[in-house]
Amino acid sequence: MKERVLQELYKIGQEIKLLEHSIALLGWDQETYMPETAIEERASQLGLLETILHTKRTSSELGNLFFELGATDKTPSGNDDLSPFEKSFVRVFYKDYRKYTMLPSELIAKLAHKASITQNVWVKARKTSDFSFFAPHLEELLELVREKADRLGYENHPYDALLDEYEPGTKTETVQNVFKTAKQDITELLSRITAAKQLDDAVIYRNYPIDQQKAFSELVLQDLGFELSRGRMDISVHPFTTTLGSNDVRLTTRYQEDYFNSGIFSVVHEGGHGLYEQGFSKEIQGNILSDGTSLGIHESQSRMWENFIGRSYPFWHYYYPMLRNYFPKNFQDVTLDAFYRAINRVEPSFIRVEADEVTYNLHIILRFELETKLITGELAVKDLPEAWNSASAELFGIVPENDAQGVLQDIHWSMGAFGYFPTYALGNLYAAQFFQSMEKELPDCTKKISQGSFEGILYWLREKIHRHGRIFDAEELCFRISGEQLNPCYFTDYLIKKYSELYGL
Ligand code: ZN
């Protein structure tokens, strides 16, 4: 009986995955090659497929299969006679099923509708820097988001229910504690950096022809281990990674002719996401377990490649001579040391997506603190701009001149995506902790980076993280890899060491 039920579950899981990948293909195409005139029909295509997918995810047939396996809220992994692998599969699938069935389709539709209007309003509000135009819509959307949290259920904090969608198993209180330590250490470091002599980064604003950037980036991407025979890289306005199948992982990037960092670091960042997606074991391919286990863990992979490897001295020790050949005019008067300093310059700024490694997490902490208070009602929407500006003054020592540069800069809240922001910072923190474990187990990894040899690192990441997909949640994975819970000190220690050297602190 058990075998038959499991087989049926695998089959439905595969169908869900096929639909998800089909939806992803339409979405990828929309962001890359689709002619603008196709938007309306594309929206209908996506809407129809989403409806079919939702029906499949919440079917009573699925409910019956979970019942037969003994999966309940108290025992999401099902009966004891299942193997560890089967238990993981049932637990992850059951939790998805619960999540989708807890929300009445009426609420889902209302949320989608309100979010699409609010997003539209946000675009206009940002253009004119007019928060008061945006505020009533955000308020209505927030009301729906709170209802969603109530429906999903939580023990301590309504934000737990929202966070769980992006970072399954992680609690608000954990994030609060981790961020508290990180905030203290980072602001302290930042004040020492801003008091020191600033680094010169003029070189990265010289002229970098896009064809050359593209050729160089693709070379790096393949060196890292991304298989272009199982994926592609294209151009889009906002870089992203999406998976269309076990052997089809799509990356996008953008290049700016007068700003070198944008292209290469987007490629390495998205490449990190792509390597995770290409690394699921055969056992879970095409199955609902073949996905990143949380957004934070996904981001840990992109950040590790982008920052811990891609912005490191050993990395450029290997690539800088090559880079000079690609752009012979730009680097004649620039030493490797000067280039390394230029790509790592730190400067408090208003805009999150342009932030450096040191200030980035502060941008996230600011948003996290505000959005948790918005959810509980501790902070009213009308007071949000003022709260934003005073937090900005506290964290960065600067206040945005207008709301477009401040509270209106990100799309997330207008989409109703509360609970999403912390995953960016968690990614950085996990990356530091994993990198430290890797250095212990692969003592020559820095040397390998300086030789442009990444096989050992990729193999380690595959074994420890990629191959498992969703089998372990983020906290369990972290414990298995490092022997402890998420500890922000690995990240702050890394920052302090790297930037003390760079800024001569
Ligand atoms: Zn990312």
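**Zinc site and salt bridges**

Along the chain, the donors of the zinc ion are spaced as H-x3-H-x25-E. In this predicted model, the protein donors are H269 (NE2), H273 (NE2) and E299 (OE), which lie 2.1 to 2.3 Å from the zinc ion. Because H273 belongs to helix α10 (residues 260–278) and E299 to helix α11 (residues 295–309), this pair ties together parts that are 26 residues apart in sequence. Both H273 and E299 are buried.

Salt bridges were searched for across the whole structure, and 34 were found. One of them joins the side chains of E8 and R4, with an N to O distance of 2.9 Å. Both residues lie in helix α1 (residues 2–32), where they are 4 residues apart, about one turn of the helix. E8 is partly exposed at 27% relative accessibility, and R4 is partly exposed at 41%.

Another salt bridge is formed by the side chains of R98 and D73 (2.8 Å, N to O). R98 is located in helix α4 (residues 84–102) and D73 in the loop between α3 (60–69) and α4, so the pair ties together parts 25 residues apart in sequence. R98 has a relative accessibility of 25% and counts as partly exposed.

E441 and K464 also form a salt bridge, in which the closest N and O atoms are 3.2 Å apart. This pair links distant parts of the chain, 23 residues apart, with E441 in helix α16 (residues 422–441) and K464 in helix α18 (residues 455–464). E441 is partly exposed, its relative accessible area being 42%; K464 is partly exposed at 26%.

Technical notes
Residues numbered from 1 in each chain as written. Predicted model: local features only at pLDDT ≥ 70, side-chain atom pairs only at ≥ 80, totals over all residues. Heavy atoms only, no water. Donors = N, O, S within 2.8 Å, 3.2 Å for Na, K, Ca; no water. Helix = DSSP H or I, 4+ residues; strand = E, 2+ residues; numbered from the N terminus. Buried < 20%, exposed > 50% of the residue type's maximum accessible area, 1.4 Å probe, protein only. Salt bridge = Lys/Arg side-chain N within 4 Å of Asp/Glu carboxyl O.
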